There are 2 protein chains.
Amino acid sequence: MAEPKRKRGLFVYFFAQNEADGCRAMRNLLGGKGANLAEMARLGIRVPPGFTITTEVCSYFAQHRSYPKSLSGEISHNLQRLEAAVGKKFGNADNPLLLSVRSGARISMPGMMDTVLNLGLSDTAVRGLAKQTDDERCAYDAYRRLIQMFGNVVLGLGGRKFEELIEKKKAVRGVKEDIDLTAEDLKDLVDRFKELIAKERGADFPQDAFRQLDMAKDAVFASWNNRRAINYRRIHKIREQWGTAVNVQSMVFGNMGEDSGTGVGFTRNPATGERGIYGEYLLNAQGEDVVAGIRTPRPLPLLKEDMSGVYEELVSVAQRLEEHYRDVQDFEFTIEKGVLYLLQTRAGKRTIQAAVRVATDMVEEKLISKEEALRRVEPAQLDQLLHRRLDPREKFEVIAEGLPASPGAATGEVVFTADRAVELATDGRKVILVRRETSPEDIHGMAAAEAILTSRGGMTSHAAVVARGMGKCCIAGCEAIKVDEEKGKFEVNGLILKEGDLITLDGSTGKVIKGVVHTVEPVPGDDFRRLMKWADEVRTLGVRANADTPEDARIARELGAEGIGLCRTEHMFFGEDRLPHVQRMILAEDPEEREKALKILEPMQRQDFKKILKEMEGLPVIIRLLDPPLHEFLPNHEELMLEINDLKLKAADEKLIEEKERLLHRVESLREMNPMLGHRGCRLGVTFPEVYMMQTRAVFEAAAELISQKREIYPEIMIPLVAHERELSILRNEMEDLIDEIMEEKGVSFEYKIGTMIELPRAALCADRIAAVADFFSFGTNDLTQTTFGFSRDDAEGKFLPIYIKKKILDDDPFEVIDQEGVGELIRIGTRKGRQAKENLEIGICGEHGGEPSSVKFCHGVGMDYVSCSPYRVPIARLAAAHAKLEEEEAGQRKQ
Amino acid sequence: MAEPKRKRGLFVYFFAQNEADGCRAMRNLLGGKGANLAEMARLGIRVPPGFTITTEVCSYFAQHRSYPKSLSGEISHNLQRLEAAVGKKFGNADNPLLLSVRSGARISMPGMMDTVLNLGLSDTAVRGLAKQTDDERCAYDAYRRLIQMFGNVVLGLGGRKFEELIEKKKAVRGVKEDIDLTAEDLKDLVDRFKELIAKERGADFPQDAFRQLDMAKDAVFASWNNRRAINYRRIHKIREQWGTAVNVQSMVFGNMGEDSGTGVGFTRNPATGERGIYGEYLLNAQGEDVVAGIRTPRPLPLLKEDMSGVYEELVSVAQRLEEHYRDVQDFEFTIEKGVLYLLQTRAGKRTIQAAVRVATDMVEEKLISKEEALRRVEPAQLDQLLHRRLDPREKFEVIAEGLPASPGAATGEVVFTADRAVELATDGRKVILVRRETSPEDIHGMAAAEAILTSRGGMTSHAAVVARGMGKCCIAGCEAIKVDEEKGKFEVNGLILKEGDLITLDGSTGKVIKGVVHTVEPVPGDDFRRLMKWADEVRTLGVRANADTPEDARIARELGAEGIGLCRTEHMFFGEDRLPHVQRMILAEDPEEREKALKILEPMQRQDFKKILKEMEGLPVIIRLLDPPLHEFLPNHEELMLEINDLKLKAADEKLIEEKERLLHRVESLREMNPMLGHRGCRLGVTFPEVYMMQTRAVFEAAAELISQKREIYPEIMIPLVAHERELSILRNEMEDLIDEIMEEKGVSFEYKIGTMIELPRAALCADRIAAVADFFSFGTNDLTQTTFGFSRDDAEGKFLPIYIKKKILDDDPFEVIDQEGVGELIRIGTRKGRQAKENLEIGICGEHGGEPSSVKFCHGVGMDYVSCSPYRVPIARLAAAHAKLEEEEAGQRKQ
């Protein structure tokens with residue numbers, strides 16, 4: 001079947017087995033669900049026939065507050081095609097065609113928008129259906145579901161009132177499950193439901209099928225703009241103007257007895273990537289029963305026992321889908337009286353573990369190319385793969401086990417509501433959200449929590465799907481725990497845990513643990529290493545790490561770092577054995593006294609550098625000289641003041657007071673209004689040259705020693721906070737003299753570099769002049785973002801920045817994602833001017849953005865030589881750099 | 001006489017009456033003195049013949065540590081020309097030619113470099129001279145002066161040792177003045193001087209004239225790099241590589257009796273600009289006697305009585321010079337036995353009052369064009385003209401009167417040494433330097449002091465000349481006061497004043513006053529107004545003022561401001577009647593409580609704006625909404641903490657403590673690490689919209705009221721600290737709604753503008769997007785400088801900035817003079833992008849740079865519409881803008 005073409009002005013696209021107006025390529029127009037239903041129909045896979053109203057209609061409505069004129073005609077026409085395909089009549093009392101109306105956006109927004117099922121039933125049609133199917137109970141159950149959904153979704157009554165009526169009925173009838181209600185019970189419920197609607201809305205439930213369809217369609221389109229959907233779009237960066245399509249489809253029923261059923265599946269295991277069909281099903285159930293997690297479903301392989309023919313067909317369809325889509329598919333199906341219908345297929349969401357495994361496996365299976373495999377893995381998700389897991393040497397008390405719904409490990413305080421999770425997280429506390437089950441209303445709490453634990457639902461329950469999407473640890477269906485959300489506690493085997501109690505989850509095994517368990521780094525597998533190797537083959541951007549300790553350096557190297565892009569030296573000053581000397585150095589009244597303290601610090605620093613340089617043998621190591629203002633190493637001014645005040649009031653020893661006052665005076669003289677913009681970075685180097693000279697001596701003596709031992713060592717010195725080229729040239733001259741001296745002393749001679757951070761707007765703007773005296777540039781995008789925006793990160797993040805993001809003044813936190821318009825412009829200017837002055841100037845980035853995929857792509861685009869990021873982000877950067885290169889090539893090909 | 005041409009490779013330029021190798025155009029080559037001596041010679045004015053060794057020789061020596069090979073030959077050759085012109089022989093015993101050797105740089109550096117006089121005298125030549133002049137005393141006096149100067153300047157012995165020998169001699173001889181020493185005394189002194197040299201330097205004073213000349217030349221060239229000269233160059237931005245020329249000239253003697261004399265003069269009064277020759281002379285004296293201020297000289301008109309012919313000649317020469325140079329000349333002359341010689345002429349330094357008067361007078365006299373008149377006045381100096389003077393209504397005690405050497409008025413603590421002046425000034429104290437006389441060693445103290453008072457010296461003494469150059473108030477020659485610098489006090493009519501006592505000087509009248517006298521604004525004269533009018537005719541750049549009060553607005557308007565470019569509103573919040581409400585507003589727990597406080601503030605603000613708008617009727621008024629962080633309006637955090645601590649220790653009332661703690665808590669929650677980069681500016685507007693809305697309401701209600709009264713009012717709202725266009729568009733939308741509402745309420749409709757400050761790098765970089773939602777830009781270069789450099793002004797100025805300027809990392813304080821490379825680049829980018837997006841976007845500057853001449857020129861160059869500066873700087877900006885336009889036109893003409 002040839003791929004159909006999009007027709008301009010056509011608003012409704014029909015599909016039935018082997019017949020479709022649309023295809024998968026029309027995703028933007030038909031939404032993901034609609035496009036894939038059409039595609040499956042084209043492939044000859046059995047789907048319930050139906051038609052898709054395009055996303056253009058949604059956008060049209062948003063703009064004009066009315067529908068295109070031709071729409072209602074098109075719907076009528078396609079209803080007729082549908083009736084013909086199914087052999088039933090919509091609104092007919094004897095042979096009624098029942099329809100579902102579902103949303104379906106370009107990008108899946110699970111559970112965010114509305115659905116109405118069983119449209120076409122009425123007081124008369126329900127009787128026709130009962131007669132036709134010879135199942136009165138089933139027919140009335142369908143009718144009550146229609147009224148309930150219609151009341152909730154279309155009339156906005158809220159589901160709870162209907163549920164209450166059902167609960168009441170069950171109580172009166174003395175039964176526990178819905179399934180135990182008889183046809184008569186359901187008939188009665190239908191009447192009560194209709195009464196409820198008439199009472200609450202002052203109008204009867206519409207008996208006209210066409211009116212039902214019309215109202216349901218309106219409601220589903222309108223659900224594009226409900227609060228949940230808007231929130232979801234904001235979090236996932238889905239554009240409002242894309243709109244949703246609406247799928248109108250003939251109903252099939254999985255609840256027509258034990259030869260019926262419904263389920264969801266994956267063509268491979270979405271948690272591990274293991275080959276083979278994977279999923280869950282329920283016999284004699286409607287689709288929402290699986291997703292809602294109310295009944296615990298059976299694993300798919302068991303279907304082989306229940307209905308072996310259907311199982312074989314399902315396996316074959318799954319294989320067909322995967323081969324066709326060349327990716328793991330997440331599908332929904334319904335079996336109606338032994339006949340299998342596919343309701344949906346889409347690329348299966350998977351854990352990063354699964355993504356890596358599937359991608360590499362599929363290359364082996366020759367389904368996809370290496371480049372495609374790289375594209376299939378989201379760099380940001382690698383983070384999860386590399387995230388810590390429970391320390392295997394730790395002993396801990398497992399209090400329960402649930403489904404390993406989303407891997408990772410996390411410790412936190414138990415909370416029971418989404419709002420409370422947000423509240424505590426805002427205070428900087430780590431929380432674990434514990435719920436019976438989650439719903440779209442809980443999204444904000446899930447985002448705030450470290451991990452999620454539910455007592456109900458399976459691997460495809462709301463909690464599980466959303467947590468995997470967020471890359472959060474999640475344990476679902478942990479039935480052993482009894483959650484009482486109202487009382488704020490849960491019980492497990494007699495143990496009671498309340499809000500604030502600490503638990504640890506291991507999302508990879510499903511273990512729930514009492515208390516805190518230490519975690520260790522992950523050990524990535526062979527598939528990960530293979531993928532990373534491919535990434536390295538593709539990428540042209542270098543990847544280094546920010547590492548301040550030999551331990552960090554080792555991890556960075558293991559994770560593929562090609563050098564250290566930033567080794568901060570200030571942390572070395574905070575050591576217990578060092579701080580007193582650092583303070584003495586700062587408090588020194590004259591250069592001589594300062595030199596004395598520095599003489600003690602120097603051998604310590606030398607050892608620090610020696611270890612790091614050795615760890616990175618053969619690779620460049622950029623060491624940044626002292627950056628923070630000196631008062632950071634002294635006692636806090638206020639505390640000292642209060643202490644002195646106290647001492648005085650207590651009439652303490654005069655000498656002690658005097659000494660403290662001297663200290664206070666010094667702290668005062670170093671105190672600054674705006675330390676971020678104060679006496680720090682190279683300004684210290686210029687005004688207290690002894691400190692930088694000590695550090696330079698330490699670096700080069702360490703390097704000289706190692707080089708004497710025939711090791712390959714590449715030390716590089718980085719001067720922070722340069723605003724004017726003369727700062728750098730003055731310091732460089734002093735250092736070069738010292739380095740010459742050391743080389744002569746030690747009798748060695750080796751290459752080294754002296755460069756600078758570009759972290760002030762002025763430095764970027766005057767990069768040509770600075771490049772003349774620098775061997776390399778490293779963009780310090782943390783500070784550069786602060787000064788370009790005039791945002792103090794410390795102040796902004798707790799105060800106005802969250803409001804700015806909420807009000808959409810900023811799309812992202814600029815401290816996480818490079819602001820390409822402003823900060824990026826300075827990077828472009830700095831790179832251009834720097835290279836103009838020195839063609840082969842080495843340029844990198846060492847801000848936290850260096851490990852954020854979109855920022856890495858940006859860095860590749862401006863022509864940097866490398867990015868440098870924290871060790872665990874090195875694989876992310878490697879993959880993101882490969883993506884950037886692939887995208888660049890694609891763009892190049894498109895242009896040709 | 002045709003203007004001579006510069007000859008490449010020629011290092012010595014000869015001059016004698018009606019004969020000269022050089023001319024005034026060769027100033028860079030011959031130095032100012034040398035070029036003007038050549039020029040006077042060409043004009044036929046009698047000068048002592050001589051020759052100039054070029055500045056190239058100085059530069060050559062600095063580079064090669066040796067002289068050009070041809071130099072000594074050229075000197076010999078020109079010595080012969082000189083001998084021929086004078087009819088004497090250098091080094092000859094019977095008819096000795098005596099020479100002076102003087103420095104002379106491109107730009108005059110009075111007293112900074114060295115001079116040696118009477119070269120050519122020796123033990124034998126002094127006798128020849130005595131015989132030839134028939135004046136043994138005079139000959140030996142010349143000889144002892146030579147040895148003294150040579151010992152000091154060439155041999156580096158220091159003048160004090162020679163002076164001590166003279167004092168001793170006078171004491172032994174029982175005389176008071178040098179003049180009372182006889183020839184024998186002087187002979188004896190010559191011997192003692194020679195002994196001193198032999199003893200201290202282990203070598204005799206050289207008897208060979210040529211060796212004397214050689215050594216003196218070397219010493220004068222070397223004096224280009226003495227400490228004084230280096231300091232002076234740094235202060236006056238004179239380049240080191242320019243070098244000095246050396247002038248070798250035949251001596252003439254003003255001390256050959258009562259028909260001889262020496263003096264200095266101006267072609268017009270340099271303090272007031274009054275027409276007519278002005279100056280001082282001494283009969284029977286050498287030139288340095290006048291400058292040193294040891295004998296108090298006579299005013300020039302008295303020379304008419306002493307030597308009427310010479311006086312007439314001098315007046316005629318002065319007129320000739322002024323007509324030729326078309327500018328006020330400052331000249332030196334010597335009369336040797338009734339014959340007048342001009343020793344020097346140069347453009348006369350003048351007070352700004354004189355500069356303005358001379359410039360406007362000369363236009364009237366048709367000597368110069370209006371454009372030339374504008375060029376003749378330094379914009380920066382207008383500041384002085386507009387500076388405050390003593391309040392005429394004040395009563396005060398005049399304790400002495402001296403010469404009104406440099407106008408202005410100042411109050412300060414008395415100090416007696418330059419070092420002490422610097423010390424106290426560094427502590428932020430205002431000091432007045434009181435000295436017997438000043439010398440080049442005192443420059444740093446003069447720069448630090450508010451004003452200078454000397455007991456000796458005339459209008460052209462060191463103190464007077466330097467103070468005028470610095471634009472500082474100075475009273476010289478105040479003989480009534482007896483200064484005892486060692487004991488740190490001065491006495492005047494029995495009254496003793498010590499260090500730290502307060503005095504006030506009125507430099508325009510010469511009055512010295514005890515205590516503090518209030519000062520008032522100056523009333524500029526007609527000539528000033530005329531000049532300003534011409535400036536306005538020339539300039540194309542607008543000039544507005546920064547004014548926060550009606551009073552400032554009035555002054556600004558009087559001084560020519562064409563609108564208000566910045567009206568800050570935060571000061572209005574600090575009023576005693578307002579602060580409590582402002583604090584209530586800040587401490588409010590919810591928007592309702594905040595609104596209540598704002599309702600009280602609103603009518604007060606409305607009155608503020610009404611007054612200012614009224615004052616500026618017909619002109620635009622840009623009102624900037626609240627900018628500083630809110631905690632600036634609350635008590636200081638530390639003080640509050642200490643207070644609570646105290647209260648607790650004293651077991652004070654629980655309720656009081658609780659209340660204070662609540663306040664502390666709020667202050668704490670508002671406190672910031674880096675307030676400069678914190679929650680301020682439009683970030684307040686976005687997060688607490690009530691404040692900006694209150695201010696907008698106040699502005700537009702005020703405007704509406706005035707407009708209802710048929711007044712022409714142009715209110716403009718400026719939003720500070722915009723980093724992203726959406727901040728502005730959100731606020732703009734809210735404001736426009738409110739303004740529409742107010743206009744409807746008040747039944748008026750009028751034009752207004754809403755614009756923004758460009759004071760963050762990001763705003764400049766994204767100016768195109770911001771321009772789309774802004775009616776105007778105003779570059780806030782104070783904040784822009786802070787963020788571009790990453791310098792907190794508060795922290796930098798007290799800490800590393802002075803070191804940066806001293807180490808020449810920065811040429812200027814970037815908070816005074818726009819950093820054209822960095823900050824300027826952002827201004828260029830912002831202007832270009834802003835205009836790209838909106839062709840007619842109004843662009844100005846309102847940082848403090850708006851009144852700094854070189855920055856004004858920059859603003860003109862980038863195409864701004866206006867600069868805005870503090871009211872008193874408005875005339876400076878007007879003139880600087882005219883200069884910028886004139887320079888642009890000149891540059892354009894040069895290109896054609």
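**Entry 1: helix α13 of chain B**

I took helices (H or I, at least four residues) and strands (E, at least two) as DSSP runs, numbered from the N terminus. The model is a predicted one, in which local features need pLDDT of at least 70 and side-chain atom pairs count only at pLDDT 80 or more, while totals for chains, interfaces and linings use all residues. Residues are numbered from 1 along each chain as its sequence is written, chains are lettered from A and ligands numbered from 1 in the order in which they are written, and side-chain values use heavy atoms, with hydrogens and water left out.

I looked up B:D361 and found it in helix α13 (residues 352-364) of chain B. I use "buried" for under 20% relative accessible area, "exposed" for over 50%, and "partly exposed" for what lies in between (1.4 Å probe, protein chains only). B:D361 counts as buried, at 8% relative accessibility. For contact I required heavy atoms within 4.5 Å. Leaving out residues up to four places away in sequence, B:D361 touches B:R268, B:G273 and B:R275.

**Entry 2: a network in chain A**

I counted a salt bridge where a side-chain nitrogen of Lys or Arg lies within 4 Å of a carboxyl oxygen of Asp or Glu. By this rule I get 167 salt bridges over all chains. In chain A, a network of salt bridges links A:R268, A:R275, A:E322, A:R357, A:D361, A:E364, A:E365 and A:R530.

I first looked up A:R711, which forms a salt bridge with A:E617, with 2.9 Å between the closest N and O atoms. This pair links distant parts of the chain, 94 residues apart: A:R711 is in the loop between α26 (689-708) and β28 (714-719) of chain A, and A:E617 is in the loop between α22 (591-615) and β27 (620-624) of chain A. A:R711 is partly exposed, with a relative accessible area of 27%, and A:E617 is partly exposed at 26%.

I then turned to B:E39 and B:R42, which form a salt bridge with the closest N and O atoms 3.0 Å apart. The two are separated by about one helical turn, because they are three residues apart in helix α1 (residues 27-42) of chain B. B:E39 is buried, with a relative accessible area of 2%. B:R42 also counts as buried, at 14% relative accessibility.

**Entry 3: helix α20 of chain B**

Which residues of helix α20 (residues 550-558) of chain B are buried? I found B:A553, B:I555 and B:A556. They lie on the same side of α20(B), because they cover an arc of only 165° around the axis, the arc being that of the directions from the helix axis to the C-beta atoms. Among the elements that cover these buried residues are β25 (542-546), β26 (564-568) and α22 (591-615) of chain B. Just after α20(B), B:G560 takes a positive phi of about 100°.

**Entry 4: how the two chains are related**

I superposed the copies by least squares on the C-alpha atoms of residues with pLDDT of at least 70 in both. A rotation of 179° with 0.2 Å of shift along its axis brings chain A onto chain B, with an RMSD of 0.2 Å. That is the relation of a two-fold axis. The same surface serves both copies, since 100% of the contact residues of chain A recur in chain B. Of the residues of chain A, A:N674 comes closest to the rotation axis, at 2.1 Å (C-alpha).

**Entry 5: the contact between the chains**

The contact takes 59 residues from chain A and 59 residues from chain B. I took buried area as the accessible area (1.4 Å probe) that two parts lose on being put together, summed over both. Chain A and chain B bury about 5300 Å² between them, 56% of it on carbon and sulfur atoms. A:L677, A:R762 and A:E821 supply 12% of the area that chain A buries against chain B, more than any other three residues.

I count 12 salt bridges between chain A and chain B. The side chains of A:E825 and B:K833 meet in a salt bridge, at 3.9 Å from N to O. Helix α23 (residues 637-649) of chain A gives the largest share of the side of chain A that touches chain B, seven residues.
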